[in-house]
Amino acid sequence: MTLTKESFHRALPPSSEVAKADMDSTREKEEALRQSVMRTGAVVPRKRAVGRLVIWGRRRPYILGLGIIMLLGMALYLNGDVMISAFIDERDKERTWAIVITMLGVVLFDFAADFIDGPIKAYLFDVCSHQDKEKGLHYHALFTGLGGALGYLTGAMDWGQTVLGYSLASEFQVIFFFAALVFIICLTLHLCSIPEVPLRYENEEAKFLLEVTESHKYNSIEEEIKNGYLKSTCTEIKAAAKPGKCTVLSRTEDQRQMTLKSLLKTLLSMPSHYRCLCVSHLFGWMAFLSNMLFFTDFMGQVVYKGNPYAPHNSTLYLTYKTGVEMGCWGLCINAISSSVYSYVQKVLLPYIGLKGLYFIGYLLFGLGTGLIGLFPNVYSTLALCSLFGVMSSTLYTVPFHLIAEYHREEETLKLQNGEQAGDHGRGKGIDCAALTCMVQLAQIILSVGLGLLVSVAGSAVTVISASTVALIGCCFVAFCVRYVE
């Protein structure tokens with residue numbers, strides 16, 4: 001059978017019918033949106049596709065700036081000796097400046113790596129529905145685990161005997177090459193994902209506009225304002241709601257400028273349940289970091305019974321180096337288990353809830369590190385490293401999920417009281433930042449006390465202290481943290 005031009009056109013529906021069908025579909029979407037607005041008084045962010053959740057993008061100026069600082073810090077501490085040797089010839093000065101540059105790079109990288117997490121999670125909460133927030137946090141834990149596994153594998157391999165090792169000055173430059181390449185690709189994808197609301201349109205109409213735009217389009221706000229879409233849609237909802245009132249009215253006149261004084265006041269006036277959540281997060285990170293910071297040294301000295309201070313050609317030093325390499329494989333197991341457990345959490349959540357997930361994460365980590373400290377065997381230690389990943393995934397998901405639950409509860413109460421949704425004093429960003437600050441506070445506390453303990457009692461004290469703090473945090477999570485029913 002031959003398909004002629006005439007038969008092809010007869011097979012197609014008339015253009016008027018196609019246009020009518022499109023209009024009916026659009027009206028159905030707008031009607032559903034209007035009904036949602038009238039029921040809740042607020043526009044709920046639409047569900048995002050999996051691809052969009054994997055990438056995201058909000059608060060991009062901060063994320064870009066911190067990403068650049070991370071690259072700079074990584075370049076300094078992995079290539080500091082090579083950089084200094086190009087400018088200074090004297091050996092003593094070269095060593096001194098190499099130490100200074102390396103320390104500066106570590107500080108810059110650690111600062112940026114810790115603080116970049118807050119803006120990423122804050123944007124997730126801004127643009128996603130409540131269900132997507134949960135999925136987004138699991139994706140975050142998944143890719144954190146995969147990235148950690150890739151990093152530990154890169155550090156565990158002997159690059160000196162490879163082609164890249166011969167081509168570049170040292171194996172540290174090989175590590176920098178892979179780390180920088182992966183990071184730049186991921187950062188670029190992240191920054192080019194979901195468009196943001198420009199500051200000059202920082203009001204509810206602009207946020208509403210992002211929701212009523214067709215799901216497969218991410219047009220700029222300027223284009224939508226030019227074609228009158230914002231004005232017409234708001235007018236339709238105004239007519240459907242109470243006369244003379246639009247549920248998504250601009251709150252520009254009510255917005256207050258955030259200053260350092262108001263920021264500190266907001267932090268100091270934090271509700272008790274937010275404060276308890278921050279304390280539990282502090283316990284978790286103190287336990288996790290006290291174990292992770294000295295784990296490879298623990299493997300070399302305690303498990304393999306080597307000595308890092310012995311001559312480099314001695315058996316004790318070579319044994320210690322073997323233990324350190326095996327410790328890197330243990331950390332790789334931790335990262336992989338973190339990715340796997342991020343999916344296990346999704347299965348367990350309907351049955352045990354956030355409280356169960358939080359409690360189990362701390363409990364398993366405390367028991368695992370305690371067993372490692374009491375029975376330092378190579379194979380049992382590597383097997384128990386999988387419990388580190390349970391704690392890691394818990395720290396990256398459950399506390400931030402609780403923040404989302406707290407904000408959802410507050411917005412629901414305000415709607416019930418007839419107030420405008422989203423018009424509350426606390427922002428998601430500042431609460432995410434408060435949780436992120438617990439990581440830095442844990443590092444400060446550990447840097448003051450843990451180094452002294454290690455110098456006195458050896459690396460074994462690190463896993464024992466990690467176990468103790470985790471079990472204390474387990475009790476705090478069970479009795480002090482508030483969970484939304």
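Is S392 buried or exposed? S392 is buried, at a relative accessible area of 8%. Buried means under 20% relative accessible area, exposed means over 50%, and partly exposed falls in between (1.4 Å probe, protein chains only).

This is a predicted model, where local features need pLDDT of at least 70, side-chain atom pairs count only at pLDDT 80 or more, and totals for chains, interfaces and linings use all residues. Residues are numbered from 1 along each chain as its sequence is written, and side-chain values use heavy atoms, with hydrogens and water left out.

**Figure 1. The whole protein chain has 19 helices and zero strands.** Helices (H or I, at least four residues) and strands (E, at least two) are DSSP runs, numbered from the N terminus. The protein chain has 485 residues, and 44% of them count as buried. Take the contacts between residues at least 6 apart in sequence: 78% of them join residues at least 24 apart. Contact means heavy atoms within 4.5 Å.

**Figure 2. S392 sits in helix 17.** Leaving out residues up to four places away in sequence, S392 touches F288, N334 and S338. One of these, F288, also belongs to a cluster of linked rings. Rings of Phe, Tyr and Trp (its six-membered ring) pair if their centres lie within 6.5 Å. A pair of aromatic rings is described by the distance of the centres and the angle of the planes. Planes under 30 degrees apart count as stacked, over 60 as edge-to-face, and the rest as tilted. How many aromatic pairs does a search of the whole structure find? The search finds eleven.

**Figure 3. S290 is a buried residue of helix 14 (residues 272-292).** Its relative accessible area is 3%. The side chain of S290 reaches the backbone oxygen of M286 at 3.0 Å. A polar atom of that side chain also lies 2.9 Å from the backbone oxygen of A287. A polar contact is a pair of N or O atoms within 3.5 Å; within protein, one must be able to donate a hydrogen and the other to accept it, and residues adjacent in sequence count only if both atoms are side-chain atoms. Which residues are in contact with S290, leaving aside its neighbours within four places in sequence? They are L446, L450, T462, S465 and A466.

**Figure 4. R482 and E409 meet in a salt bridge.** A salt bridge is a side-chain nitrogen of Lys or Arg within 4 Å of a carboxyl oxygen of Asp or Glu. By this rule the count is one. Here the N to O distance is 3.0 Å. R482 lies in the segment after helix 19 (460-479) and E409 in helix 17 (residues 378-416), so the pair ties together parts 73 residues apart in sequence. R482 is partly exposed at 31% relative accessible area. E409 is partly exposed too, at 26%.

**Figure 5. W159 lies in the loop between helix 7 (130-156) and helix 8 (163-167).** W159 counts as buried, at 10% relative accessibility. Where is E171 relative to W159? The two are twelve residues apart in sequence and 5.4 Å apart in space, C-alpha to C-alpha. W159 touches E171, and its other contacts include V174, I175 and F178.

**Figure 6. P376 lies in the loop between helix 16 and helix 17.** P376 is partly exposed, at 31% relative accessibility. The C-alpha atoms of P376 and V302 are separated by 6.9 Å, though the residues are 74 apart along the chain. Leaving aside neighbours within four places in sequence, P376 is in contact with F298, V302, V303 and T381.

**Figure 7. K305 has a positive phi, near 60°.** Most residues other than glycine have a negative phi. K305 is in the loop between helix 15 (295-303) and helix 16 (315-374). K305 counts as exposed, at 61% relative accessibility.
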